[in-house]
Amino acid sequence: MLQPTNRLTLIDAMRPPVAFGLESAMAVTFTLDLRALLAAPAAFALAGHDNLASDGSQHEPIELLHALRSHAGKITVFSQVGEIALPPSRRVFAFLERAVVPVVAPRGGVVHPKVWVLRYEAVDKPIDSQPREQRLRVLIASRNLTFDTSWDTVVRLDEARDSTGALLEPVGDLFEGLLDAAVSDVSVDHRQRVHSLSAALQTAKFALPVGVDHLETHVLGLSRKPSPLPASAERSLIISPFVSDDFFQRVRPAPIDELVSRAESLDHLGPGALDKVAKVYTFDDGSAVDLATEAERSSPHDPGRPLVGLHAKVFAFEDRGRARLFVGSANATGAAFNSNVEILVELTGPAAVLGIDKLCNGTMDEPSLRDLFNTYRPDPPTDPPEAASLDSARCAIARLPIEGIVEESGTGWAVTYQSRKPLPFLDSTEIHCWPLASAGNRRRVATGEPLEARFETSLETISGFLAFELAHEDGTLTFFVVPVPLVGVPEHRERFLLRALVGNAERFLRYLLALLNEDSGQMDLLDAVNGAGEDTADGGNGPLNLPVLEKLLKTMRRDPAKLAGLHPLVTDLAADDALPPGFAELWTMIYDVAIEGAVAR
């Protein structure tokens, strides 16, 4: 179980094994926070780096930029259309433009799984031309790719070293199905990555978690399938933040011993829905949504609204001393088991190890979940928030095929975002859009007409993410981001952007000094993500200053291993022409002397 304070646990679970690096990855999430996606390449690239703290969770912004440049092209992330939250404006998001693939559910619901499939590859050179060793890891969670502070679950499964273990072919089938669910053409790179990883999942076996005798994965919503939940059990517990009448009437009409949900969700059930539930609880950890003034007016389902409290989905059953535990993305709703795309992993084992009491009772290190259960007392029913004219409009806009045409202009560059089909006609609602990299460049666009919005920009602020704001006359707002394929982007754009983000010579050399210091300060991962891409002060690329030269020479003599650890970063930045003039040549000379001296010892 992921507690709210463990908001980096999912990112930590992505870190490669020792002596391995990321070869490729594919993921699916319902809601997407681009800042959380920024953190994923950092987790892949920076594990084991000398400048990381002992828990592996801290590093510097320039290393983050390097990680993005190196790893963003290895990732495919499927996300429900219209559910990409609006982050603060950052130029660095440009590295993620080609990683995100919006999708829709084929049966009319939503794409709701939260899954990562990761393939790592040994970094050591293979012997006798043998291929490098590879290992797979699968993460199945209830947490979206966000930094929400909610209670969630995650199951981590690593490829077994022997021939025993569980098969996860349905996970590969899920991603193959998502290729067909994309709202626009999927690139060859994404298709090849998904096909390759899915093929590997057909034969790989995964080590079972401790206490689990059998593991099975269930993918729902790509085709019509019956519910995998047992029709009866001696004892049962369901934990689900969202519930609906049709779950208790059609999906699982059998008696349930305990149900834990959110009060506002329980309040909207119809009469008799809970007649077969013996005990009904709400979950209260004392948290509350803390919304900024603008976010207070956001629509009920705006992708940027933070989640707190209960978000885990658990279906637990016991029978004759055995336990069956279903965890994953599905809520106790009819939509989850009929029209949504969902995933549940079924874990089977002894009730003493995997049962309801083991799940809910505390330990010396963790509080008891039962301490957070409160007997449900219905409030007088209130009308549910009106749906979602803005939310449905958001999804309609996000489904539109929008293209960005890039061309040189008199002031530098310009991007024209356009669609062949019209934006939805919205009564009493204004639509504004702007390139994500330049938040101050807002433009009002007409509803009911094809999008045609031209933005003057610079090479480093060209953006393949188009931000939207929908504002109703009653004050309700919704914000979201749409990935937009760009046509006509100059080949040198990424190199130019990297140079701009690394900054001037003074900033780079100051950063290098911090890396070379024995007691260099550390930066929290979230601070690094939020700081990456922020504008830096202008300054000339002046000559190498004496403190840096002195520090390099001292490190060459005293700690050549530190230079060896920094060498990949420096050489890659040099290849992208992102270093101060003359520094690459100086580094090569000092590095060669340091390595020769280390070998001589």
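1. Ground rules. Residue numbers start from 1 along each chain as its sequence is written, and side-chain values use heavy atoms, with hydrogens and water left out. Because the model is predicted, local features need pLDDT of at least 70 and side-chain atom pairs count only at pLDDT 80 or more, while totals for chains, interfaces and linings use all residues.

2. The chain overall. You will find 16 helices and 26 strands in the chain; these are DSSP runs numbered from the N terminus, helices being H or I of at least four residues and strands E of at least two. Of its 601 residues, 54% count as buried. Here buried means under 20% relative accessible area, exposed means over 50%, and partly exposed lies in between (1.4 Å probe, protein chains only). The accessible surface of the chain is about 26600 Å², and carbon and sulfur atoms hold 50% of that; the areas come from the Shrake-Rupley method with a 1.4 Å probe, and for residues only the protein chains shown count as cover. Among contacts with a separation of 6 or more, 73% are between residues 24 or more positions apart, where a contact means heavy atoms within 4.5 Å.

3. The six-stranded sheet. This open sheet has the order β3-β2-β1-β4-β5-β7, and its pairing is mixed. The edges are β3 (100-103) and β7 (154-158), each with a single partner strand, so one side of each is left without a neighbour in the sheet. On average, neighbouring strands are turned by 15 degrees against each other, direction ignored. Two strands pair if DSSP finds at least two bridges between them. Axes are lines fitted to C-alpha atoms (for helices over the stretch in contact), and angles run from 0 to 180 degrees between N-to-C directions.

4. Strand β1 and its partners. Which way does β1 run against β4, and which way against β2? Strands β1 and β4 are antiparallel, joined by eight bridges, with Phe-20 partnered by Ala-122 in β4. Strands β1 and β2 are parallel, joined by five bridges, and Thr-29 has Ser-79 in β2 as its bridge partner. Nine of the ten residues of β1 are buried, so the strand is largely enclosed by the rest of the structure.

5. Further along the sheet. Helix α5 (residues 188-201) lies across β1 (20-29), β2 (75-80), β3, β4 and β5, at about 100 degrees to β1.

6. Three bridges pair β21 with β22, and His-432 stands opposite Arg-444 in β22.

7. Helix α10. Which residues of α10 are buried? In this helix (residues 389-399) they are Leu-390, Asp-391, Ala-393, Arg-394, Ile-397 and Ala-398. Seen down the axis of α10, the buried residues fall within an arc of 160 degrees, so they line one face of the helix; the arc is that of the directions from the helix axis to the C-beta atoms. Their cover includes β19 (402-409), β21 (429-435), β24 (465-472) and β25 (477-483). Asp-391 and Arg-394 are also linked with Glu-83 in a network of salt bridges.

8. Salt bridges. A side-chain nitrogen of Lys or Arg within 4 Å of a carboxyl oxygen of Asp or Glu makes a salt bridge, and the count by this rule is 21. In the pair of Arg-322 and Asp-213, the closest N and O atoms are 2.8 Å apart. Arg-322 lies in β16 (residues 322-328) and Asp-213 in the loop between β9 (205-206) and β10 (214-220), so the pair ties together parts that are 109 residues apart in sequence. Arg-322 is partly exposed at 35% relative accessibility, and Asp-213 is partly exposed at 45%. Arg-135 and Glu-133 form another salt bridge, with 3.2 Å between the closest N and O atoms; Arg-135 is buried at 18% relative accessible area, whereas Glu-133 is partly exposed at 41%.
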